[in-house]
Amino acid sequence: MATGGRPERPRHGRMEESRAMSLPAPALVLLNPRAAGGRAGALREPIVRWLKAQAPTVPCQVIDGIAAARALIDAQAAGTRIVLVGGDGSVHQMLPSLALQPRELALVPLGSGNDTARALGVAGLRWDEALDHALRGAATPMDLGWCEAE
């Protein structure tokens, strides 16, 4: 499952500062600090502040390597929404763990290509708009192909 469909922009151009939200599923935010050529790491503090104000029950973890990030995902219960802050590479590297159990994938697009973000309809959103949508948007089914070669 993935969150998709472009959310409506707020009328005043900014997300409300203190709007507490109800979440459709338990969630975990994983930030890839290497995304966007390393620029994504600078968003750690703003994302943590936003989460404290908007979704205080949602933890944010900075990804410290692929194995550690997969272990964090593997430890989550089925049905947990995994919010990746990164790009196509982040999605690609986390797919094996995301596919092990029924989990929801949401994306805050901070990559250089963002093909997945375009397919999900969230490319071009500011990070706070994308994070709001990632946490509150409705999940929709997404096909996943798996191919192994010897």
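Ala36 is buried, with a relative accessible area of 14%; buried denotes under 20% relative accessible area, exposed over 50%, and partly exposed the range in between (1.4 Å probe, protein chains only). This residue is found in the loop between S2 and H1, where helices (H or I, at least four residues) and strands (E, at least two) are DSSP runs numbered from the N terminus. Although Ala36 is not a glycine, its phi is positive, at about 55 degrees.

The model is predicted: local features require pLDDT of at least 70 and side-chain atom pairs count only at pLDDT 80 or more, whereas totals for chains, interfaces and linings use all residues. Residues are numbered from 1 along each chain as its sequence is written, and side-chain values use heavy atoms, with hydrogens and water left out.

The chain has five helices and six strands, which follow the pattern β-β-α-β-α-β-α-β-α-α-β along the sequence. Of its 150 residues, 42% are buried. Among contacts (heavy atoms within 4.5 Å) between residues at least 6 apart in sequence, 77% join residues at least 24 apart.

The largest nonpolar core has 38 residues; such a core is a set of buried Ala, Val, Leu, Ile, Met, Phe, Trp, Tyr and Cys residues joined through side-chain atoms within 4.5 Å. Residues with the most contacts inside this core are Val29, Ile47, Leu51, Val83, Leu84, Leu131 and Leu135. At least two core residues are supplied by each of S2 (27-31), H1 (44-54), H2 (66-74), S4 (81-86), H3 (88-98), S5 (104-109), H4 (115-120) and H5 (127-136). Strand S2 gives the most, with five residues. When residues up to four places away in sequence are not counted, Leu131 touches Val29, Ile47, Trp50, Leu51, Val83 and Val108.

In helix H3, Ser90, Val91, Met94, Ser97 and Leu98 are buried. Viewed down the axis of H3, the buried residues fall within an arc of 105 degrees, so they line one face of the helix; the arc is that of the directions from the helix axis to the C-beta atoms. These buried residues pack against H2, S4, S5 and H4.

Arg103 is found in the loop between H3 and S5. Arg103 is buried yet has no salt bridge, defined as a side-chain nitrogen of Lys or Arg within 4 Å of a carboxyl oxygen of Asp or Glu. The nearest side chain of opposite charge, that of Asp74, is 4.7 Å away. However, the backbone oxygen of Asp74 lies 3.4 Å from a polar atom of the Arg103 side chain, and the Arg103 side chain reaches the backbone oxygen of Gln76 at 3.0 Å.

Note on methods: Lys and Arg count as positive and Asp and Glu as negative; His and the chain ends are not counted. A polar contact is a pair of N or O atoms within 3.5 Å; within protein, one must be able to donate a hydrogen and the other to accept it, and residues adjacent in sequence count only if both atoms are side-chain atoms.
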